[in-house]
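Hi everyone, thanks for making the time. I'd like to walk you through one model today, so please have the sequence and the viewer open.

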2 protein chains.
Amino acid sequence: MNIPNLDLPRVVIIGCGFAGLKLAKTINSKHYQIVLLDKNNFHTFQPLMYQVASSGLEPDSIVYPVRKVFKGKKNFHFRMAAVQGIDTENKEILTTIGSLEYDYLVIATGAISNFFGMKNMEKYAFSMKSLVESLDLRSVILQNFEKSLNTSDLKERESLMSFVIVGAGATGVELAGALAELKKHILPKDYPDLDIRIMQIHIIEAADRVLSNMSMEASTKSKKFLKDMGINIWLNTVVRDYDGTTVSTDKNEFKTKTLIWSAGVKGAPIKGLNARLTRDNRIIVDEFNRVTGYKHIFALGDVACIESEQNGNGHAMLASVAGQQGLHLGKNLNSILKSQEMTPFHYNDRGTMATIGRNRAVVDLSFVKFGGMFAWFVWMFLHLLLLVDFRNRLIVFANWCWSYFNYDKGVRLIVRNVKRAD
Amino acid sequence: MNIPNLDLPRVVIIGCGFAGLKLAKTINSKHYQIVLLDKNNFHTFQPLMYQVASSGLEPDSIVYPVRKVFKGKKNFHFRMAAVQGIDTENKEILTTIGSLEYDYLVIATGAISNFFGMKNMEKYAFSMKSLVESLDLRSVILQNFEKSLNTSDLKERESLMSFVIVGAGATGVELAGALAELKKHILPKDYPDLDIRIMQIHIIEAADRVLSNMSMEASTKSKKFLKDMGINIWLNTVVRDYDGTTVSTDKNEFKTKTLIWSAGVKGAPIKGLNARLTRDNRIIVDEFNRVTGYKHIFALGDVACIESEQNGNGHAMLASVAGQQGLHLGKNLNSILKSQEMTPFHYNDRGTMATIGRNRAVVDLSFVKFGGMFAWFVWMFLHLLLLVDFRNRLIVFANWCWSYFNYDKGVRLIVRNVKRAD
């Protein structure tokens, strides 16, 4: 790889999600050379991915070019590449654009969908773990309605217009809400030839409540919101299989052409690392995010798991955890230079929230839990604040205002012709 | 095809470009059933396609969902389908979603790139005739810079960073200008590791001036603008071949990985029509846009050619001609119902313009020709007015203001991994 050799220790960061981005921003590049690698040339604001899938926002609103973030930062090098493995003996990584030596290596590769070994599910289900997947899902949803127009077979049409979401975590619940809003405000106008009442949205959840990682209040309130919006909720129900047409669970069956998987993720570690992994493939790290057994290798965010008595099986796989770990490791690396001790990571839980639709959100803070219109405004305000830069904020805000006053979503473009697996 | 049978004459329109869109809007659907077909579910504002290719605008700014345009219009049916042929005997069209009978058929299928039989060119050149092609070109341009970082071979790097545009019509000139602005304002910041001075932009043109369909004043002025921006102009030069690496012309050779073809288009007629075609594949129609030999089949826009003494080889293939023909035929069809005579089409030439860059545009009106900053503002104002709806205008305007004051283009995302032909 074409990276200049300097008299500075080189930190190689793999992945430009919330952890990698924050870390690269924090490290003092007067004293370190930073090499940031990612398969894409952009950072993705994952919490709003479901908005892309449901035609609410365009990709440019939730992604941001990495090179633009680090404009002017010295001793910083971004390379678009996929990492193929590590050679820890020679302190070297192997990538699609050649190999590179590191002094410090940070693995921030995030998470991928976890289908728990269900091969069929992996083949037929859609998910929203990347921008490309979200765009594909959007095209499929719209293509389904186009296809519904062309069939006289009612069963076929029902199957095309039925959407089954597996997993009632934030992603599942938010997508369900967005689909319900499409059904109510957009689709009847776009498809006057179709009886949109046929459209069904189902959420299947193995646990006994929706948003099971939030408070009981949030679960109860969001369940009510979902029901009010006409979404069918199936709790205590475990999905067994999906053949592209029929979803089978331990209780019943659903006919659908579109199953969206949001029931679980697992870490995406890299090859060649001899580390202990959790059951869901996360790399076990100490309280400094250092990979057990290695002095100069760290892991951050979704792919890392700090096991401890306080947090049991590690922190939740959330953007806020990843961002804080990135910031923390950056400070620790800066401290090392001043011969200071590293400090252990502590997660500062500022609360969680989810939005189900217009005026319908739930917010859990340590001291108060609330839901409804105010929660929705809080959700919107915070997400705007968190978006990477001003331009994105402005455009997302304009889009949201437009949708709010017009009951109209952005642009419903089919820009990909998505073929199903068969 | 699933279209209700009504007691109304059915007008089937193939293609939702400027002609098809305007026609469908104009036809009185109390008295006609309208079926509009297109391969995409959106209308594309083609004159701004080069902005998508050069990362200036995102797709959602220049495309607009067809269903949204015709929201609430009765007896109107849009279907996303590709037309495979016509059976004029049975007054029926064949499409990817079944066949359909028509009473009136309107062919508004537009134009595709014309490589004049050069097979190699067709294989290796990029063009901008569709949104997908423009997005591919954008990804390729950005991928070239990413690849330039990874090579130590200077020749290879020069070839990656050199862009050859064939054809100095509006599309070619506008893209060249946009690339020059990327070179000046964006790329040096995005790629501090690269010597951006290596980047070369060439325009090759067979005629003896750029913008040869505009006035001499416009040609002279835009040539000066292009030169000022560092673009290499090769007039009176005919391209012979391109093998993916070397462009050969009748005078010299260019090494480049990226050749953009904007030197010619041809009509995209459909199979089964027994019509006279021009040398560039346009369907010859009479002054009512009726296809010679058919009473109920019309052709509009780029795919149609009204041969006459006044306009020689037909009107220019421009959005404004297409739009006016759509409007005119719509009025004629409405007249038929009132047993009125159809009127012949006359093109109302309101002028042409092209923009080369920030503050650099040329405008030709019948009574005055001018260029420079004022022309640029006129260009921008008119294009905003012409964009289909208010939301697009607002977002495009916000983007342009942002670029104007920040010397910064939109988001430079590589969302497609474009593989070259080989």
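Helices (H or I, at least four residues) and strands (E, at least two) are DSSP runs, numbered from the N terminus. And a residue is buried if 20 or more other C-beta atoms lie within 10 Å of its own, exposed if 12 or fewer, and partly exposed in between, with C-beta atoms placed from the backbone.

Now the ground rules. This is a predicted model, where local features need pLDDT of at least 70 and side-chain atom pairs count only at pLDDT 80 or more, while totals for chains, interfaces and linings use all residues. Residues are numbered from 1 along each chain as its sequence is written, and chains are lettered from A and ligands numbered from 1 in the order in which they are written.

Let's take chain A as a whole. Its secondary structure comes to twelve helices and 24 strands. The radius of gyration is 22 Å, close to the 22 Å that the globule rule gives for 422 residues, so chain A is as compact as a globular protein of that length. For the record, that radius is taken over C-alpha atoms, and the rule is 2.2 Å times the number of residues to the power 0.38. The C-alpha trace of chain A spans about 70 × 50 × 40 Å along its principal axes. Of the 422 residues, 49% count as buried. Among contacts in chain A with a separation of 6 or more, 64% come from residues 24 or more positions apart.

Next, please zoom in on strand β1 of chain A, residues 10-14. Five of its five residues are buried, so β1(A) is largely enclosed by the rest of the structure. In a regular strand the side chains alternate between the two faces of the sheet. Here, A:Arg10, A:Val12 and A:Ile14 point one way, while A:Val11 and A:Ile13 point the other way.

Which strands does β1(A) join? One is β2(A), residues 33-38, running parallel over five bridges, with A:Arg10 opposite A:Gln33. Another is β9(A), residues 104-107, also parallel, over four bridges, and there A:Ile13 has A:Val106 as its bridge partner. To count as paired, two strands need at least two bridges between them according to DSSP.

Between β1(A) and β2(A) comes helix α1(A), residues 18-26, and together they make a right-handed β-α-β unit. Right-handed here means that, with the strands pointing away from the viewer, the path from the first strand over the helix to the second runs clockwise. Helix α1(A) is mostly covered, with seven of its nine residues buried; among them are A:Phe18, A:Leu21 and A:Leu23. What do these buried residues pack against? The list is β1, β2, β3 (42-44), α4 (66-69), β9 and α10 (319-337) of chain A.

On to the domains, whose bounds come from an automatic or database domain assignment. Chain A is divided into domain 1 (10-113 + 265-337) and domain 2 (121-263). Their C-alpha centres lie 32 Å apart. The contact takes 14 residues from domain 1 and 16 residues from domain 2. On the domain 1 side, the elements giving two or more residues are α2 (49-53) and β10 (111-113) of chain A. The largest share of that side, five residues, comes from α2(A).

Leaving out residues up to four places away in sequence, A:Met121 touches A:Phe115, A:Tyr242 and A:Trp261.

In chain A, strands β6 (residues 83-87) and β7 (residues 92-95) run antiparallel and are joined by four bridges, and A:Val83 has A:Thr95 as its bridge partner. They form a hairpin with four residues between them, and A:Lys91 in the turn has a positive phi of about 50 degrees.

Over in chain B, an open sheet of three strands has the order β6-β7-β8, with antiparallel pairing. Strands β6 (83-87) and β8 (98-101) of chain B stand at the edges, each with a single partner strand, so one side of each is left without a neighbour in the sheet. Within that sheet, β7(B) and β8(B) pair over four bridges, and B:Ile93 has B:Leu100 as its bridge partner.

Methods: Contact = placed C-beta atoms within 7 Å.
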